[in-house]
Amino acid sequence: MSSVTNLHAPKGLEGVVATTSSICYIDGDQGVLAYRGYDIHDLADHSTFEEVCHLLWFGHLPNTNELMVLSDRLAGERKLDSSIINLLRLAPKHALPMDVLRTVVSALSFYDPEFDRNDHDANVNKAIRLTSQLAMIVANYDRIRKGKPVVEPDRSLSHAANFLLMLNGTAPSKTAERALDIALILHADHELNASTFAARITAATLSDMHSAVTSAIGTLKGPLHGGANEAVFKILQEIAAMNVDPLEFVKGMLAEKKKIPGFGHRVYHTEDPRATHLRQMSRDLGRSSNDPKWFDYSQKIETFIKTDKKLNANVDFYSASTYHVLGIEVDLFTPIFAVSRVSGWTAHVIEQLDDNRLIRPRADYIGPVYPQKYVAIEKR
Ligand SMILES: CC(C)(COP(=O)(O)OP(=O)(O)OC[C@H]1O[C@@H](n2cnc3c(N)ncnc32)[C@H](O)[C@@H]1OP(=O)(O)O)[C@@H](O)C(=O)NCCC(=O)NCCS
């Protein structure tokens, strides 16, 4: 291929296939999402986050013994160096949990027992370690910023239950545990989304797992990606605070040419299959906790946007009201996305490095014509 390119890139790389992968299958026309061939609906209905982690990292659903081994390993890695806890205490109280997570995950590499290894086995160990540690960082930071003592994890509890225990100080109800578990399953992987692509690009330079996950967290933060779930709830809060009709509120946003967070998707042209589960969870949890307002607002907005703009709700729309009813603070919504997606990011880094080549595309140059005549500074 010529080293001077005259190819034109579709804006935002829409439709461009950038790699092969065996991890995640999406059919955006049929609304299909599958991890290693397993439909997301089956996984959400029958599986657990730990099973899904095994599926993503090891390529198959675990048998009973394999699941026990992985659960034990995740439990064994639920520990943070005291320097990491100190770093959390040093963060200014106004620091956003997503920013704290990004910075602290980067610092985790200092204390990783395999910091100087980048081989397959070391990266599987790091995937397990990071998955346990990310959940601890998010929960511990929330308690530290509120002046509460950090809560020790409980080996007998699942990943989802441990997160809620470390966050709230009490073991969750079975309903809350299962709701979070399903949310973690639904968010675990999504093919070459922006943060996963960032992770793979970083890994492909033969950098390291912690750098790749740090890149991914920074990428997830944006409101066009994972940050949308926080943006959705801020709108619902504004509607409640102003006591206005949700439809009038979003019509006002559209009149100002603003995008409505939680709607639209680059790949799905039909219902995002993850939204199907989150809608139901938002409704059921809202009703059972006598706080149906958020679901009701959301549903009104969804019906209107679907009819008026032909846009479907995405994963972030109903996760906002679901997390709120679970008692989770708004600025933890995107960090919780990372608590789940770290499983997918790490699986992709492992896959990238198993058959690596530097990822280095080209830009379609549209600047001043070459060659420009160089003019000495005193003559410009
Ligand atoms: C997800 C998203 C970034 C995909 O972006 P994309 O594939 O680049 O699509 P575009 O932004 O080019 O949108 C295409 C058209 O739909 C409109 N549109 C897309 N999402 C919209 C939204 N949430 N609200 C209102 N209009 C929207 C755009 O304004 C554009 O209209 P136009 O052609 O008249 O200019 C985009 O839908 C969005 O910004 N959604 C809100 C943020 C969000 O929920 N992100 C989480 C994704 S899981």
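Predicted model: local features only at pLDDT ≥ 70, side-chain atom pairs only at ≥ 80, totals over all residues.
On a 1 Å grid over the protein atoms alone, a pocket is an open set of points where a 1.4 Å probe fits, with protein on both sides within 12 Å along at least five of seven lines, and its lining residues have an atom within 4 Å of a point. Grid points are joined across faces, edges and corners, and a volume is the space filled by probe spheres set on the points. Residues are numbered from 1 along each chain as its sequence is written, and side-chain values use heavy atoms, leaving out hydrogens and water.

**The largest pocket**
- Its volume comes to about 1,700 Å³.
- There are 50 lining residues, and N193, L224, H265, R266 and V267 are the closest to the centre.
- Elements giving two or more residues to this lining include β1 (24-27), α9 (194-204) and α16 (333-354); helices (H or I, at least four residues) and strands (E, at least two) are DSSP runs, numbered from the N terminus.
- By class, the lining splits into 24 nonpolar, 15 polar and eleven charged residues; Ala, Val, Leu, Ile, Met, Phe, Trp, Tyr, Cys and Pro count as nonpolar, Asp, Glu, Lys and Arg as charged, and the others, Gly among them, as polar.

**The ligand**
- The largest pocket is where the ligand sits, meaning that more than half of its atoms lie within 2 Å of the pocket's grid points.
- Around the ligand are 16 residues, each with a heavy atom within 4 Å of it.
- K259, I260, G262, F263 and R266 come nearest.
- Oxygen atoms of the ligand lie 2.5 Å from a side-chain N or O atom of K259 and 2.7 Å from one of R266.
- N314 has a polar side-chain atom 2.9 Å from a ligand oxygen.
- This shell holds seven nonpolar, five polar and four charged residues.

**The second largest pocket**
- About 810 Å³ of space lies here.
- It has 25 lining residues, with A18, I359, R360, P361 and R362 nearest its centre.
- α9 and α16 are the elements that give two or more residues to this lining.
- The lining has 13 nonpolar, five polar and seven charged residues.

**Backbone details**
- Y370 and P371 are joined by a cis peptide bond, with omega about 0°, and P371 falls in the segment after α16.
- L206, in the loop between α9 and α10 (209-220), isn't a glycine but has a positive phi, near 65°.

Conventions. Polar contact = N/O pair within 3.5 Å; in protein donor to acceptor, adjacent residues only side chain to side chain.
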